[in-house]
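The paragraphs below lead through a predicted model, chain by chain and then contact by contact. Keep the sequence and the coordinates at hand while reading.

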Amino acid sequence: MTAPLISVSDLTVRFHTDEGLVTAVDRVSFDIAPGEVLGLVGESGSGKSVTAKSLMRLNGDNTVYDPASRITVNLPDGPVDVLGLRRERDLRVVRGGAISMIFQEPMASFAPAITVGDQMVEQLLIHTTMSKAQAKELSIEMLARTGIPEPARRFDQYAFEFSGGMRQRAMIAMALSTKPRLLIADEPTTALDVTIQAQVIDLMKDLVRDFGMGILFITHDLGVIAQTADRVAVMYLGRIVETGTVRQVIRHPAHPYTLGLINALPKLSDLDAPLTPVPGDIPSPLNRPPGCVFHTRCPVAIAGCYVEEPAMRPARDGHLAACHLTEEAVTEGMTA
Amino acid sequence: MAETMQGPQATPQETEAERRRKEAYFTASQGQLIWARFRKNRSAMIAGTILLVLILMGIFAPFLSPYDPTIKGRNADYTNGAPQIPRFCDEAGCSMRPFIYGVKRERSLATNFRWVTTIDTEDRRYVQFFVEGDEYKMFGMTFDTHLFGVDEGFIHLFGTDDTGKDIFSRTLHAIYTSLAVGTLGVLISFVMALIIGGIAGYFGGVIDGVIQMVTDAIRTVPIIPLFMALAAFIPQEWSSETRFFFISIIIGFINWPTLARRVRTHLLVERNQEYVLAAQLQGAGAGHIIGRHLLPSFTSYIIVDLVISFPYIVLSETALSFIGLGLKDPVNSLGVMLQNTTSADVLLNYQWYFIPVFFFIALVMAFVYVGDGLRDAADPYSSSKK
Amino acid sequence: MTAQADTPPVIAAENLTVSYTLGHGLLATKTRLNAVDNVSITIERGSFFGLVGESGSGKTTLGRALLRAAPISGGHVIYRDDEVRYDLAALSKPELKDYRKRAQLIFQDPYAALSPRMTVRDIIAEPLEVMGLTKTRQETDARVREIAAKCRLNLEHLRRFPHAFSGGQRQRISIARALVSGPRLIVADESVAALDVSIQADVLNLLKSIQREMGISFLFISHDLSVVAHVCDHVAVMYLGQLVETAPTRTLFARPRHPYTSALMSAIPSLDPDDDSQAEKLEGEVPSPTNPPPGCKFHTRCRFAQARCKAEAPALREIEPERFVACHFAEEFDFSRDHAAAPAEA
């Protein structure tokens with residue numbers, strides 16, 4: 001078994017805010033193998049973005065990482081403990097070098113006053129030992145690879161001259177030009193039209209196949225995850241509540257939240273089905289419920305859920321859910 | 001399924017105090033939220049306290065200072081006198097009341113018959129509180145009680161200047177003058193900025209363009225040559241009060257472009273907010289939208305802008321008075337007092353002339369810190385967070 | 001479906017055009033942008049009408065035009081309810097004021113749509129005060145409470161400021177504000193797009209219950225076909241300012257008759273990981289609205305395009321009762337090659 005690309009263990013992230021110390025991520029653990037796409041699904045307040053940014057230490061100054069948290073990136077030269085890095089120079093390895101990130105708002109990632117080409121070249125010059133000419137050549141090649149027509153001409157254009165979908169492709173090109181081992185995609189398709197979204201998803205799948213890198217795909221859209229990811233982890237209020245392969249989690253959800261999410265989705269296949277929301281509202285992170293974080297909205301909560309935090313129990317091989325009830329009990333309880 | 005909309009999740013363990021605190025947060029108006037945030041900023045609170053103290057010192061200057069700051073209240077016997085710090089004990093023993101030594105002035109042989117002031121350590125002058133002294137006017141009424149004084153003679157906590165005027169009294173009055181000029185200047189700037197910036201921001205388009213050009217033109221006018229020209233124009237016959245108003249108005253006029261630009265920017269942003277469109281779709285007129293939505297939306301910004309412009313105006317006035325183009329004796333501001341510090345004589349011998357400098361620095365820095373604190377407190381509220 | 005065949009439709013738009021001239025200043029060249037180009041739709045009273053499209057389709061502009069928040073450059077829009085009949089393109093000032101009571105808007109962004117410095121009670125009461133619908137404070141309060149209860153907001157919530165609420169709750173406040181003046185038509189512009197999926201269903205259910213109980217007609221603008229399929233009884237699809245297809249929901253989704261509709265449907269990522277039915281993804285980008293392609297605006301991205309499509313713009317034809325399509329080959333080709341019936345999902 002090859003070592004995973006990145007291994008996150010017991011990651012706990014807190015923030016100093018006006019209202020006190022807020023826990024955004026609570027003991028999150030996952031691994032990503034080379035060539036694997038892990039989907040991180042959650043709604044607002046789930047902590048998925050904070051988790052992603054922690055991998056590159058991009059969270060703000062008021063962040064407190066728990067001493068028990070570990071993020072280990074396995075590079076060819078040896079493992080790197082991301083949370084232990086102190087100097088800017090060392091952090092560069094994980095920021096844009098071995099790990100790259102693409103964001104939801106492509107307009108926000110490109111500096112408006114510099115051409116796209118210049119930015120791509122700048123990134124390459126920072127992270128590799130290429131010459132400027134080599135960097136330019138590689139950048140144009142990457143632009144072509146991501147399906148941008150007339151890449152040489154586009155190289156000299158500014159970000160505002162690109163359409164939304166093309167900007168996203170350019171961002172992917174920029175992120176991939178340093179040949180990262182891990183790509184973090186934070187809601188990359190949310191701001192795109194659905195027809196463009198489909199194109200970008202296809203592009204990412206092709207690139208994974210060709211480059212053999214891992215992708216951490218963060219989104220709230222279960223449909224996108226179903227089509228893109230191999231494995232998925234569902235987050236709620238900073239905890240991972242369920243994890244498994246995409247087929248396992250979507251076809252046989254074992255956690256009430258996952259099942260609730262799936263039920264809440266409008267599906268084209270059954271237009272008569274009523275839309276069933278997950279009851280209640282997500283609690284404020286200042287006020288995390290005791291016991292199971294989900295119990296305040298759980299239709300099948302039992303007395304023990306208020307008191308005891310559930311551990312991740314396997315529902316089947318490789319499929320874990322943090323719930324006191326078994327998968328059958330959950331499904332039965334929620335369809336009743 | 002949800003029957004009623006859940007507000008904050010009231011978990012069984014929540015205490016009554018916590019619930020009330022949260023409810024207070026939910027029902028807090030914008031002003032209350034900003035104040036709560038401001039209070040947590042330690043440096044801002046310290047600066048705020050200092051600012052408050054200085055302002056009170058300025059307002060109550062006539063009461064707090066033992067003597068009239070003008071020629072009227074001078075001590076002819078003690079010119080360029082060193083500060084007299086009250087003490088409790090000396091060789092002759094300690095006393096409950098603080099005292100200073102009396103001074104005697106006589107012609108001395110040693111200095112070619114020039115006046116020499118000596119301190120007589122035998123002559124104890126006890127400091128008294130709430131003494132009767134020179135008359136002064138405050139809030140329209142006449143008083144004559146001063147906070148402290150001595151039973152005989154004078155007490156000069158910060159020393160005296162070359163004509164014998166008490167520097168302590170002058171400093172306190174100077175704070176008041178500087179603050180008064182500042183307030184007047186800020187008010188004038190503000191009113192002009194609100195009108196001009198408001199029109200530019202609300203209507204946009206061509207009107208905005210024209211106003212912008214005018215504003216930028218005014219901003220490019222260099223202050224010092226302008227003041228030199230104006231100083232040449234000011235007739236000598238004008239009383240110090242008239243001069244005071246004139247200077248304040250001019251400074252206000254110089255500063256309105258900066259504020260106006262801010263007002264315009266705020267308005268341009270707020271005008272396009274969706275809740276403004278919602279009001280328009282209800283058929284609300286311009287008056288309602290400005291009064292109910294736009295003005296309240298940038299009240300917090302404007303207050304911050306006002307507080308932050310204050311030190312600039314005080315600085316402008318101080319700088320101008322310092323080089324002689326602003327206020328002149330007998331109206332004294334901190335700038336006028338600083339004018340006296342420019343000779344080598346003073347630097348070498350009469351260092352106490354510099355005491356007002358510290359007050360000046362304290363005043364400006366206090367404003368800056370308070371303004372910064374206010375801006376930090378107001379900003380987080382205005383940015384929409386998810 | 002709650003629409004009745006003999007009552008007049010609440011909105012009957014004919015050849016509606018909304019165009020803007022771009023290019024400011026004296027020296028810039030002026031281009032004409034037809035945000036809405038010759039659109040004719042009919043919204044039956046009490047129906048939930050869906051308007052679907054991607055960016056640049058003009059759906060938002062159309063919604064705004066129906067509220068007179070965007071200028072109507074051409075065509076007629078007739079609004080009819082039990083009391084009045086207005087041509088929205090030619091309203092006098094008092095008529096416009098009256099129309100504001102009858103047609104309201106719910107915004108997309110719940111965070112920007114509420115004035116942060118007003119309490120919830122004031123936000124909901126504002127239309128009543130602006131429109132002069134109530135005379136005393138007690139009347140206003142009573143009406144606010146009534147509407148708030150319908151949107152499941154209780155008294156405690158009324159005293160709070162918007163910052164106390166989550167996205168879904170804020171959207172309810174927006175809905176309450178839209179309802180308080182007693183409108184007959186509500187335009188919901190991407191009203192659930194910014195909400196989490198679990199809350200989205202909640203707000204949609206609220207909108208449907210309002211439609212049922214209060215008989216209000218909705219124009220539901222969205223880019224999300226799945227949502228539209230579930231809540232709307234009628235759907236219209238727009239592309240680059242024009243209507244390409246409109247039909248009752250079930251009919252449309254059972255078999256789309258326009259290649260764009262078909263492409264939209266197949267672009268939705270399926271929840272079934274093994275669903276490999278990749279009806280070809282649409283290639284290329286949406287053309288610029290200032291420089292639309294000649295003939296059929298969709299032909300540059302259409303797999304089925306023929307020579308005729310480039311030369312001649314197709315008219316919106318009624319190919320079946322209540323079903324209109326703007327395609328030369330709507331009857332001949334089967335566009336939904338892979339979606340004969342929607343695929344079975346997990």
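A residue is called buried if 20 or more other C-beta atoms lie within 10 Å of its own, exposed if 12 or fewer, and partly exposed in between, with C-beta atoms placed from the backbone. By that count, 52% of the 346 residues in chain C are buried. In chain A, buried residues make up 48% of 336.

The model is predicted, local features need pLDDT of at least 70, side-chain atom pairs count only at pLDDT 80 or more, and totals for chains, interfaces and linings use all residues. Residues are numbered from 1 along each chain as its sequence is written, while chains are lettered from A and ligands numbered from 1 in the order in which they are written.

As a whole, the model scores ipTM 0.82 and pTM 0.79. The predictor's confidence in each residue is its pLDDT, from 0 to 100. For chain C the average pLDDT is 85, and 91% of the residues score at least 70. Residues 338–346 of chain C stay under 50, although the model gives them 25 contacts beyond four places in sequence. Where pLDDT is low, predicted coordinates should not be read in detail.

Chain C has 11 helices and 12 strands. Helices (H or I, at least four residues) and strands (E, at least two) are DSSP runs, numbered from the N terminus. The radius of gyration, taken over C-alpha atoms, is compared with a globule rule of 2.2 Å times the number of residues to the power 0.38. The C-alpha trace of chain C spans about 65 × 55 × 50 Å along its principal axes. Contact here means that the C-beta atoms of two residues, placed from the backbone, lie within 7 Å. Of the contacts in chain C with a separation of 6 or more, 66% are between residues 24 or more positions apart.

Chain A contains 13 helices and 13 strands. Its radius of gyration is 21 Å, close to the 20 Å that the globule rule gives for 336 residues, so chain A is as compact as a globular protein of that length. Along the principal axes, the C-alpha trace of chain A spans about 65 × 50 × 45 Å.

An open sheet of eight strands in chain A runs in the order β7-β8-β9-β3-β10-β11-β13-β12, with mixed pairing. Two strands pair if DSSP finds at least two bridges between them. The edges are β7 (99–102) and β12 (313–316) of chain A; each has a single partner strand, so one side of each is left without a neighbour in the sheet.

Chain A gives 38 residues and chain C 37 residues to the contact between them. On the side of chain A that touches chain C, α8(A) supplies the largest share, seven residues. Chain C also touches chain B, with 32 residues from chain C and 24 residues from chain B. Here the largest share of the chain C side, four residues, comes from α3(C).
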